[in-house]
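My notes follow the order in which I checked things.

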Amino acid sequence: MKKSDFRFIDLFAGLGGFHIALGRLGGTCVFAAEWKEHLRDLYEFNHGIRPAGDITKVDLNEVPEHDVLTAGFPCQPFSKAGEQLGFECTKQGGLFFDVAKILAARKPSLFILENVPNLLKHDDGKTWTKIQKILGAEGLGYHIDAQKYSPHNFGVPQIRERVYIVGSLNPLTAFKWPERSDSETSIETVLDKNPVDAKKLSPQVRECLDVWSEFLEACPEGLNLPSFPLWSMEWGATYPYETETPFARKLLRGADGLAGFSGSHGVKLGQKPTLEERWAALPSHARTEQFVFPKWKQDFIRQNREFYAKNRDWIAPWRPKILKFPSSLQKLEWNIQGGHQDLWDYVIQFRASGVRVKRRNTAPSLIAMTDTQVPIIAWEERYMTPRECARLQSMQSLKQLPSSQVQAFQALGNAVNTEVVERVASALLQSVPNVKKAASQKKYYASA
């Protein structure tokens, strides 16, 4: 395709992942929108077009005619990691409807949307059903399809699954989703060797990793650690979790309801004088106001207690060393089943769910993170740099990233992966050989 073969718009533009991908395919961006001022400045510097601001305040008359609409609309309302308020999230949940308004007003031939995979299951599938009704035959008249992809499916060393939703005013009979690659990847392909600008590990992070390293060293030879998250606070705990919960006992019996049990790391709850102190001595995941724990939580608690019962002899002497750290650092996600148990040979990420350790073949998912959640290159005892993370998002062609590392990591965590977008967009464009010709049919669809 030649330059200007089609015109596209880039909503929730961020760093411009859609812009890079569709630009490579011959598209010209005629409109972009991004509400953060520093990202608008950066977008203009990198891509030569200044985005409009808050999409909720954009006059539809300001949006020019275009052939392809792209939007990675905010995922937080639908993410498993959040409150999952969906469309009811007052700040971000309704932004999908602003996308729909532009689709209704301009009727581009094609669109590509990106979001978290949980969008398809959110609210027992009701959210996805509503989206299909709005965009599909009952609403705006688009033929739509959805597929989940991760960058590692296309040779990029990052596991970060997202759902891609494509739409066309013409039937998608000729459209085929791009095939996944089974080739091996390595995070080392995106790394610089001991970069001077890399953030070093803080004393607390280093100490925490040393303690977990001692745990691995104490593990008997031949014992493979389990795949479920290791919750050290459950090692010695005896509070009820299957037929009832601590909240239920506290509500019905007060302080006496927790007496006789052990809390986090085996603390005797009966030795705490007040209800508040007994409650605080429970693991944070046990202090939820629930009468019944969900099955996944019951499973993790049971598995951890069984693991401790079988390995008490070597874990008990180590256990006091982990007590000084906050709850999130007292959990270990060991994703190295079958590999040698040397923590310093792998990729590490500190998450609310625990200290996550992964093989070198892929990086953990980039999120809209603080700089404490950036992947750690353990064998060099440092965090990844913004430029390395940009390569994980296939955005190494950007001339400039945000000057603040915190802002850079947040923007990269929110970005779409350019390689995945380009594969999806290429397949979609190939299914409609003459996008502009298809676009000439918009008036028919708009009046139908």
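How many bridges join strand E8 to strand E10, and do the two run parallel or antiparallel? I found three bridges between E8 (residues 331-334) and E10 (residues 354-358), and the strands run parallel. Within this pair I noted Glu333, which stands opposite Arg356 in E10. I am working on a predicted model.

Next I looked up the whole sheet. I recorded an open sheet of six strands in the order E7-E8-E10-E9-E11-E12, and its pairing is mixed. At the edges I found strand E7 (230-231) and strand E12 (382-383), each of which pairs on one side only.

Then I checked what lies across the sheet. I found helix H5 (residues 203-218) across E7, E8, strand E9 (347-351), E10, strand E11 (376-377) and E12. Against E8, I read an angle of about 65° for H5.

Last, I turned to the helix pair. Two packed helices are described by the angle between their axes and the distance between the axes. For H5 and helix H8 (residues 295-318), the axes come within 10 Å and cross at roughly 120°. I logged the crossing of H5 past H8 as right-handed. On the H5 side, the contact is made by Val211, Trp212, Glu214, Phe215 and Ala218; on the H8 side, by Phe307, Trp314, Ile315 and Trp318. I sorted these residues into eight nonpolar, no polar and one charged.

Key: Residues are numbered from 1 along each chain as its sequence is written. This is a predicted model: local features need pLDDT of at least 70, side-chain atom pairs count only at pLDDT 80 or more; totals for chains, interfaces and linings use all residues. Side-chain values use heavy atoms; hydrogens and water are left out. Two strands pair if DSSP finds at least two bridges between them. Helices (H or I, at least four residues) and strands (E, at least two) are DSSP runs, numbered from the N terminus. Contact means heavy atoms within 4.5 Å. Axes are lines fitted to C-alpha atoms, for helices over the stretch in contact, and angles run from 0 to 180 degrees between N-to-C directions. A crossing is left-handed if the near helix is turned anticlockwise from the far one by less than a right angle, and right-handed if clockwise. Ala, Val, Leu, Ile, Met, Phe, Trp, Tyr, Cys and Pro count as nonpolar, Asp, Glu, Lys and Arg as charged, and the others, Gly among them, as polar.
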